[in-house]
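I set out below what I looked up in this model, topic by topic.

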Amino acid sequence: MQQQPVNILCMKWGNKYGAAYVNKLYSMVNRHLSLPFRFICLTDNDEGLNEDIECFPIPEVQADLEDSPGRKRVQAWKKLLTFSPRLYDIEGTCLFLDVDIVLLKNIDCFFELEGDFFIIRDWIEAESGEGNSSVYRFEAGELSDVLGDFIENRNEIVEKYHNEQAYLTAKLKEMGKLQYWPDNWCISFRHNCMDKNRLKRWFLPTPKPEKGKILVFHGAPNPEEAINGIGDRWYRRLAPTKWIEDYWQ
């Protein structure tokens with residue numbers, strides 16, 4: 001009997017990340033996942049994407065998915081659309097991946113754990129139990145209460161939670177379905193790799209982590225900036241980290 005393919009799901013909207021990020025993510029998944037899979041991108045612009053990537057428009061719902069004025073994280077709430085009751089023809093297990101991550105090793109294990117929902121335990125908010133939604137897993141259509149609650153209570157939720165992953169973690173905990181990936185599976189480039197000494201970061205390349213299957217870039221730098229040694233502030237510059245190129249392709 002042929003095994004049902006798993007789903008790799010990502011989103012691309014606006015101008016922050018171009019088609020190259022999605023294409024590289026597809027290439028990395030193709031190398032590091034031995035299970036049959038569909039690679040699906042929800043996007044407002046499929047120009048330049050690999051022909052093997054299935055593209056669907058970002059769903060529309062009766063709720064404002066923009067952040068409130070003054071918020072730093074614009075449009076982060078769009079990820080909640082992955083919990084639509086019916087998301088096109090997608091069925092079965094879905095692993096959502098941010099387009100700016102880097103795969104280091106085989107990721108079959110992300111589909112082997114038993115549970116309804118898995119997410120990264122955030123490095124910054126670890127004590128509070130907040131999740132980081134760069135990598136999360138769910139069953140298509142089975143957690144639609146997450147989106148339904150947001151649509152019904154949008155203003156209160158945006159006011160209470162500072163971003164979508166804070167709400168997502170709290171809602172799944174309330175539903176009794178919250179589980180975290182093992183701590184050494186998803187590694188933060190900023191918190192697990194970069195030296196805490198700023199002067200060292202200026203002159204010494206950031207070393208490759210000894211552990212980790214997925215390298216997560218949240219905030220600055222992104223993979224391209226890390227490779228080229230570009231920081232978001234003059235005092236946050238870092239030496240070029242060329243080993244990332246061996247994986248991010």
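**Cysteines**

I looked for disulfides, meaning pairs of cysteine sulfur atoms within 2.5 Å, and the structure holds zero. I worked on a predicted model, in which local features need pLDDT of at least 70, side-chain atom pairs count only at pLDDT 80 or more, and totals for chains, interfaces and linings use all residues. Residues are numbered from 1 along each chain as its sequence is written, and side-chain values use heavy atoms, with hydrogens and water left out.

I then checked burial, where buried means under 20% relative accessible area, exposed over 50% and partly exposed in between, with a 1.4 Å probe and protein chains only. Cysteine 109 is buried at 13%, and cysteine 186 is buried at 2%.

**Nonpolar cores**

I took a nonpolar core as a set of buried Ala, Val, Leu, Ile, Met, Phe, Trp, Tyr and Cys residues joined through side-chain atoms within 4.5 Å. The largest such core has 50 residues, and Phe110, Val135 and Ile214 have the most contacts inside it. Its largest share, seven residues, comes from helix 1 (residues 19–32). Here helices (H or I, at least four residues) and strands (E, at least two) are DSSP runs numbered from the N terminus. I noted a second, separate core of 31 residues, which includes Ile40, Leu87, Phe150 and Tyr161.

I also listed contacts, meaning heavy atoms within 4.5 Å. Leaving aside neighbours within four places in sequence, valine 135 touches residues including Phe110, Trp181, Cys186 and Ile214.

I traced three strands that form an open sheet in the order 5-10-9, with mixed pairing; two strands pair if DSSP finds at least two bridges between them. Strand 5 (102–103) and strand 9 (186–188) stand at the edges with a single partner strand each, so one side of each has no neighbour in the sheet. Strand 9 pairs with strand 10 (residues 214–216) in the parallel sense over three bridges. In this sheet, isoleucine 187 stands opposite leucine 215 of strand 10.

**Serine 34**

I placed serine 34 in the loop between helix 1 and strand 2 (37–43). Is serine 34 buried or exposed? Its relative accessibility is 55%, so serine 34 counts as exposed. Leaving aside neighbours within four places in sequence, serine 34 is in contact with Asn106 and Asp108.

**Aromatic rings**

I counted 22 aromatic pairs. Rings of Phe, Tyr and Trp (its six-membered ring) pair if their centres lie within 6.5 Å; planes under 30 degrees apart are stacked, over 60 edge-to-face and the rest tilted. The rings of phenylalanine 110 and tryptophan 181 are edge-to-face, because their centres are 4.8 Å apart and their planes stand at 65 degrees. Phenylalanine 110 lies in the loop between strand 5 and strand 6 (117–121) and tryptophan 181 in the loop between strand 8 (178–180) and strand 9, so the pair ties together parts 71 residues apart in sequence. Phenylalanine 110 is buried at 0% relative accessibility, and tryptophan 181 is buried at 3%.

I recorded one cluster in which ring pairs link Phe83, Phe96, Phe117, Tyr136 and Phe138.
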